[in-house]
Amino acid sequence: MTTVRLKSSPGSSKPSTSLMRAMARENAQYGVRVNAVCPGAIHTGKRKLEDMNAMFGAQIPMGRVGFAEEVARVFAFLASDLSTYMTGATIDVNGGMLIH
């Protein structure tokens with residue numbers, strides 16, 4: 001599996017998503033799957049968990065920030081044989097933060 005990391009700043013996810021979908025469309029014929037993972041507020045250890053939950057918890061339907069392990073599980077799924085028919089998908093890992 002090859003990973004291409006496209007870093008985007010807030011408000012610029014549409015160009016990154018468009019590029020990902022174009023890459024998925026062009027490379028599907030070669031068996032190459034291209035998907036995007038869009039994490040929300042994720043605790044990585046740089047800040048205290050309590051501070052992050054206080055800052056973001058009310059904005060997230062699940063009431064808490066996520067953990068790096070939860071995002072890693074999505075990447076593990078995409079790298080596994082469980083996702084062999086997925087390409088061009090955008091997976092939000094944000095506790096429902098965008099469904100408000």
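Let's start at L78, which touches R33, N35, V37, S83, M86 and I91, leaving aside residues up to four places away in sequence (contact means heavy atoms within 4.5 Å). This is a predicted model, where local features need pLDDT of at least 70, side-chain atom pairs count only at pLDDT 80 or more, and totals for chains, interfaces and linings use all residues. Residues are numbered from 1 along each chain as its sequence is written, and side-chain values use heavy atoms, with hydrogens and water left out.

L78 also belongs to the largest nonpolar core, together with V37, I42, V71, V74 and V93. Such a core is a set of buried Ala, Val, Leu, Ile, Met, Phe, Trp, Tyr and Cys residues joined through side-chain atoms within 4.5 Å; buried means under 20% relative accessible area, exposed over 50%, and partly exposed in between (1.4 Å probe, protein chains only). Helix α3 (residues 68-79) gives the largest share of this core, 3 residues. Helices are DSSP runs of H or I with at least four residues, strands runs of E with at least two, numbered from the N terminus. A second, separate core of 5 residues includes A41, M52, V65 and M97.

Now look at P39 in strand β1 (residues 36-39). With a relative accessible area of 46%, P39 is partly exposed. P39 touches V71 and V93, again leaving aside residues up to four places away in sequence. P39 and V74 are 35 residues apart in sequence, yet their C-alpha atoms are 10.0 Å apart in space.
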